[in-house]
Protein chains: 2
Amino acid sequence: MSITITFHPSGKTIEVSEGETVLDAAARAGEAINSECGGLGTCGKCVVKVVAGTPPPLSASERELLSADRISDGFRLACELLPTSDLKVLVLNAAQPRAATLSEETARSAGTDPAVRNYHIELEAPGESYVAADRERLLEGLATTHGLEGLSVSYPLLKRLPHTLRDAGWNVTAAVRHGNEVIGLVPGSPRPIYGVAFDLGTTTIAGYLVELEKGETVAAESILNPQARYGGDVIARISHALDNPDGAVSLKAAVIGALNGLSGRLAKTAGGVAVKEDIVEAMIVGNTTMHHLALGLPVGGLGVYPFTPALVCPMEVPAAEVGLHINECGYVVTLPLAGGFVGADTVAALLAVDPEEKGGSSLLIDIGTNGEIVVAHEGRLLCASCATGPAFEGAKISHGMRAGIGAIEKVMIDPETLEASYRVIGSPGWSVPSGFTGALGLCGSGVVDAVAGMYLAGIIDVRGAFVPDSVSPRVRTDESGQPEYVIAWGQETATGHDITITQEDVRAVQLAKAALSAGVKVLLNEAGLERTDRVYLAGAFGNFIDPKSAAVIGLLPGWATERAVSAGNAAGEGARAALLSVGSREKAKEMSARMRHIELSVHPEFQGLFLESINFPLPGAFS
Amino acid sequence: MSITITFHPSGKTIEVSEGETVLDAAARAGEAINSECGGLGTCGKCVVKVVAGTPPPLSASERELLSADRISDGFRLACELLPTSDLKVLVLNAAQPRAATLSEETARSAGTDPAVRNYHIELEAPGESYVAADRERLLEGLATTHGLEGLSVSYPLLKRLPHTLRDAGWNVTAAVRHGNEVIGLVPGSPRPIYGVAFDLGTTTIAGYLVELEKGETVAAESILNPQARYGGDVIARISHALDNPDGAVSLKAAVIGALNGLSGRLAKTAGGVAVKEDIVEAMIVGNTTMHHLALGLPVGGLGVYPFTPALVCPMEVPAAEVGLHINECGYVVTLPLAGGFVGADTVAALLAVDPEEKGGSSLLIDIGTNGEIVVAHEGRLLCASCATGPAFEGAKISHGMRAGIGAIEKVMIDPETLEASYRVIGSPGWSVPSGFTGALGLCGSGVVDAVAGMYLAGIIDVRGAFVPDSVSPRVRTDESGQPEYVIAWGQETATGHDITITQEDVRAVQLAKAALSAGVKVLLNEAGLERTDRVYLAGAFGNFIDPKSAAVIGLLPGWATERAVSAGNAAGEGARAALLSVGSREKAKEMSARMRHIELSVHPEFQGLFLESINFPLPGAFS
């Protein structure tokens, strides 16, 4: 008996396997549903509404996490729902992150210097007057027509070369990589060749499909990293790889499967792109852990001090050996890593931002699931990774969630009335009192806004503690006696529950911002600087977190707000730049060689600076 | 129910699959049984004697090809015998060719310049004072200790590098290829690394296991090419590849399977060699067809004029991509081809013979299943392939067989009495009248001796026709009225049948020798030479065919016998030399670039010279 699930509003349909949850089926279907806990049934974020069919009885988790109203409306948790017959479900919490949609700016044509280029040639057919072997005939043609000398031909291509040449009537276009290896051969005149750039984040994978010779990005999409089910941060992933016999294998399979799926969807979006023929190169950037897990490199060295990567060099590996199903002669290319946990994504961000171009000193902060910091000054590049945890991505926060439909992304708190208003992704404008907003939770930028607003409104004090004498009904204690502040009342939200910031949430934000703040201070001290001329904010920071709120809570130094420049999704931009340009790859290599990685966890100043940074800044420090 | 076959005298036992013949099971067991027709049940050569167990009833082929006496003695044909219960069989016609046994000369240490060398290093473990990544630590160690700069590390090795380094306590030996790629890493001090050289003949595959740094050959063995079942010569193999949907795939699988089996047996013979770790390189030489089929290159271009190979360049391909199960980071290396059907085996033979070293002019003739000829003169290297057919290997001859136990390898005919005496491989001394010799048939050298003897004794005339008035009982007509000469009487032989040379056999020899002779003349004419200063005889010629007999029948020009030098198994020697020396590979490349291939089938002089060469030389021309 086959059971199918249809997802709305996309209309995607997929057959489910035995024991497969709706969340798992959704991932296979490319229907990304937000799931904070990775499908463990604890976060309650992956709500779907059953609109047709008969679902099985509720699980214990669902009874605990969904309100009675929601349950009677047909709401279920995708991670708990094991279909026993055909179902149609409405996805309420789509995980589509905002970063990698194809904006006009993203699609703009860049100056290109791609590793792979097309060369058209018309060859003489074998005959008495010219009896060269096929490969040698091809190479002589490329030499005569295009001046390309000393080429090799990829082995998989050699195995079909005689057929391709004859079928094409000796009129072919060769794709030549680095001017020295023929990796593609198609009949007739050139047709576009493509590359795909992946920014492989701990939580989110962004993919870009790029036409190599024009430099045009023809499709972009983000998905959640399916490794999330094995742990939310890099430490959890490393533990999973080390503690389970096939842990590393599962992690690699999960991410490579996701990259293959993403490639397919990008090609479909662009239209007319054949993944296994037209995509000839894949550029992967990611932090050290994501990079290693995707490439099947052991992460054991990262599990113990001094946190040793298997390698830091750039790689060029046949895509087939990595398991990526692009052109069979295509390559997976990675940018170099900086060292320790500071990976190719940070190098890519540096490449995109190019902080040294303007001279002077610069600070780059890239906040993803971890925070990476680089200080550039007089030819030196100091870098560090901060274990901020995922608070700034909305994770490990009572009502936190990834940025996606239903996430509260901005919060304002009136210091007089202590009333909150907020904006929800997917809903227009600011909230009005008691109006339904469909809010599901708070994403990172909302959390930062909320905590900053609470501090400015005097709801919490300089040490982060709730001030006992607040008079608003929004400030209250929960059933366990913990103080909390209500951002959205239950009648406004999609879950029917109040969305709050608790004392514990404030503490999580304090620890995260203290780690980043202390990291910045260590790097500035090492560079002999008090501040830098410019501050580049990348990742969640660059895109969404309000620099003013960040300065209020001390996530960003007060002096930095005036100098802050949004660098957007810098790692993804750098990956695209490197995909499009051999010169950029060289530059990345040169920069990475100069990068000095500072391991904060053993740095003598870090612990003291961290403790000093836990309090919020005194008023005046941030304005 | 499992059925096992035990082979004697080796004692090897193997479980047979359903529908598997004893011949197939023998091949899997590494028990090479001579089979002329490749298992089609037509040649009657693959006789075995059932010594225990109950065999199934005789097949029609067996009833036709085995005499009643042989049948009552328990003789069967291995290719027709489908066991239905456990059997023990005595192998009577072992196919072990003589060429690749490990002679003292073969085992001698050569000057080596291998592509892969060992480098021992002791590394500092990661710690606060030195925090490099694993790969970079390894490469820094190799640079510091051995001055090796700019190395890459093979991807499969990278995937276990962190484990290997830590398990070895940072004391390791790296195998470095071409001074630029680390392809092996073992704990502790260097242990020997090996290469395997294969001379991939149409009929026979010779393998040599060589310790790379000492240059010592530690094992050598030959097996029959299992592709023989798909046709005896290159044209039949090409047809099989082109006419069957999975023809090329089966041919590749057959030969690669044989090479893997041979590697395993060589390692076992040598003792203490782990194929998948210690063998880091495989050198393959072979004619164009064998080369292409083994590497999975299409042979379609070879099927039509102008007989175009897919490529002629030397190749270096990861062994895993070819399907060879040596070290997972090891490479398959091939020598360049000359052009048309003149392949890497001829280039290898040239490398071994080095005919240009002594100046003057040289002729190299290498007879395998085809005949290849090279004329070297004043920096020119002219080459051609002659479709001699396999007569000189004993195939397509009424009582022909491969050289192996039971083959008549030498024949003398008394011109007075017309009596024959002969020598049998595996039996001591010359035959005595009516004495049992265990003869099974005639191998190539025996055929040439026999025809030469028949011509000198006046049994056949200058045109190859039997002389009608011969008075010996050995000269007779068979049941179809065809004249024949009896070399061995039935009571002397292992089959109980007379072994004869028929009129048709003489014709086959004439056609074969005319092709080779005409080829030599074309090449000499092209070179503007009447004769050469030296003549090198390689392959079957070099090893076994008597140059005097060859001159008598016109297989070799009369002037050549005095100048002839045996070059032994030159292709195999050249393969070993190239395996051991990067310089030899460069030399092969340089020579192959100078080789001018002449396609005899369309050469204006060839047909006329061929017809002129069909008669035997007049007495005086060869002495």
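**Two chains around one axis**

Of the residues of chain A, the one whose C-alpha comes closest to the rotation axis is A:Glu321, at 5.0 Å. Before I go further, please keep in mind that this is a predicted model, in which local features need pLDDT of at least 70 and side-chain atom pairs count only at pLDDT 80 or more, while totals for chains, interfaces and linings use all residues. Residues are numbered from 1 along each chain as its sequence is written, and chains are lettered from A and ligands numbered from 1 in the order in which they are written.

Let me stay with the axis for a moment. Two copies of a chain are related by a rotation about an axis and a shift along it. Here a rotation of 180° with 0.1 Å of shift along the axis superposes chain A on chain B, with an RMSD of 0.1 Å, and that is the relation of a two-fold axis. The superposition is by least squares on the C-alpha atoms of residues with pLDDT of at least 70 in both copies. The same surface serves both copies, since 100% of the contact residues of chain A recur in chain B.

How many residues does each chain give to the contact? Chain A gives 28 residues and chain B gives 28 residues, where two residues are in contact if their C-beta atoms, placed from the backbone, lie within 7 Å. On the side of chain A that touches chain B, helix H5 (134-146), helix H6 (155-158) and helix H7 (161-167) of chain A each supply at least two residues; helices (H or I, at least four residues) and strands (E, at least two) are DSSP runs, numbered from the N terminus. By class, that side of chain A has 16 nonpolar, 6 polar and 6 charged residues, with Ala, Val, Leu, Ile, Met, Phe, Trp, Tyr, Cys and Pro counted as nonpolar, Asp, Glu, Lys and Arg as charged, and the others, Gly among them, as polar.

Now to chain B, and to a sheet within that chain. An open sheet of 6 strands runs in the order S12-S11-S10-S13-S15-S14 in chain B, with mixed pairing; two strands pair if DSSP finds at least two bridges between them. Its edge strands, each pairing on one side only, are strand S12 (216-224) and strand S14 (315-318) of chain B. Inside the sheet, strand S13 (residues 279-286) and strand S15 (residues 331-334) of chain B pair in the parallel sense over 4 bridges, and B:Ala282 stands opposite B:Val332 in S15(B).

Two helices lie across this sheet's strands. Helix H13 (residues 344-353) of chain B lies across strand S10 (194-200), S13 and S15 of chain B, at about 100° to S13(B), whereas helix H19 (residues 570-580) of chain B lies across S10, strand S11 (204-211), S12 and S13 of chain B, at about 150° to S10(B). For these angles, axes are lines fitted to C-alpha atoms, for helices over the stretch in contact, and angles run from 0 to 180 degrees between N-to-C directions.

How do the two helices meet, and at what angle? H13(B) and H19(B) pack at about 80°, with their axes 7 Å apart, which makes H13(B) roughly perpendicular to H19(B); angles under 35 degrees count as roughly parallel, over 145 as roughly antiparallel, 65 to 115 as roughly perpendicular and the rest as oblique. Their contact has 10 nonpolar, 1 polar and 2 charged residues.
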